[in-house]
Amino acid sequence: MKITVLTLFPEFFQGLYQYSIIGRALENKILEMECINIRDFSKNKHKKVDDYSFGGGPGMVIQAQPIYDAILSVKKSNSKVYYLSPQGKVLTQKKLLDLATEEHIILLNGHYEGIDERIVEHCVDEEISIGDYVLSGGEIPTMVLIDGITRLLPGAISTADSYLEESHMENLLDHPHYTRPRVFNDWEVPEVLLSGNHKEIDQFRKLESLKNTWKKRPDLIEKKELTQEELTLLEIIKNKEN
Ligand code: SAM
């Protein structure tokens, strides 16, 4: 998979190239990544890329021309253009799974008041938000996307770290995890996890995952089609808590 980032601040992304899973995915050619500076496409002699907002108001807007030319320079028939924007649909794990199947995605980063709307209308396939709040630029949201997508690419993480059992994969949160020592500050690891009985461990984890979700994100439980086993477990949890 290839990811092209269009940004006014390519230096933001330097650290990503070395960073853990992304660094390894790049090294192993599971992921190809390039950062393009939108400013390089400015036709202004001072390389200016922003201007006042028509109609007035505070803040500058990134002009259409440099963004348009930057997109044209990298877009192929298999490319999709995503604009990171607080006005987009909020990112979910399901969306990351869809994105991870694309061949080439172009991630357009806004700044200041944003970008000229004509680019959104004519050149962007979809707007993606990372949450209902406003950041000063699309760079951090883009990094969130790159990290989330990369770990879903086949071969990017070992099967031991499989993402399949993680939070949000099945509209459920993950079960709790513990590691050595068995006792820390008099706090003990649940006995069943030390039993070696895989059936009981699976059952315990299923129960804890449901309990976690029911307590922390009941909205997810409402959205999920629960199996008969999960319904029974949920009843047990509710009865214990009441
Ligand atoms: N005036 C815009 C609005 O109110 O919708 C906000 C512009 S914001 C200050 C500047 C840039 O940051 C945006 O163009 C976008 O690329 C990025 N951005 C800010 N918040 C974001 C979010 N929640 N998700 C994704 N991108 C965001």
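Q: Which of the 21 residues around the ligand come nearest?
A: A residue is near a molecule if one of its heavy atoms lies within 4 Å of it; here Tyr-83, Leu-84, Gln-87, Glu-113 and Tyr-133 come nearest among the 21 residues around the ligand. This is a predicted model, in which local features need pLDDT of at least 70 and side-chain atom pairs count only at pLDDT 80 or more, whereas totals for chains, interfaces and linings use all residues. Residues are numbered from 1 along each chain as its sequence is written, and side-chain values use heavy atoms, with hydrogens and water left out.

Q: Which polar backbone atom lies 2.8 Å from a nitrogen atom of the ligand?
A: A polar contact is a pair of N or O atoms within 3.5 Å, and in this case the polar backbone atom belongs to Tyr-133. A polar backbone atom of Glu-113 is 2.9 Å from a nitrogen atom of the ligand, while a backbone N or O atom of Leu-84 lies 2.6 Å from a ligand oxygen atom.

Q: How many aromatic pairs does the structure hold?
A: A pair of aromatic rings is described by the distance of the centres and the angle of the planes. Rings of Phe, Tyr and Trp (its six-membered ring) pair if their centres lie within 6.5 Å, with planes under 30 degrees apart counted as stacked, over 60 as edge-to-face and the rest as tilted. The structure holds 2 such pairs. The rings of Phe-9 and Phe-12 have centres 6.3 Å apart and planes at 70°, so they form an edge-to-face pair; with centres 5.7 Å apart and planes at 65°, the pair of Phe-184 and Trp-187 is also edge-to-face.

Key
Polar contact = N/O pair within 3.5 Å; in protein donor to acceptor, adjacent residues only side chain to side chain.
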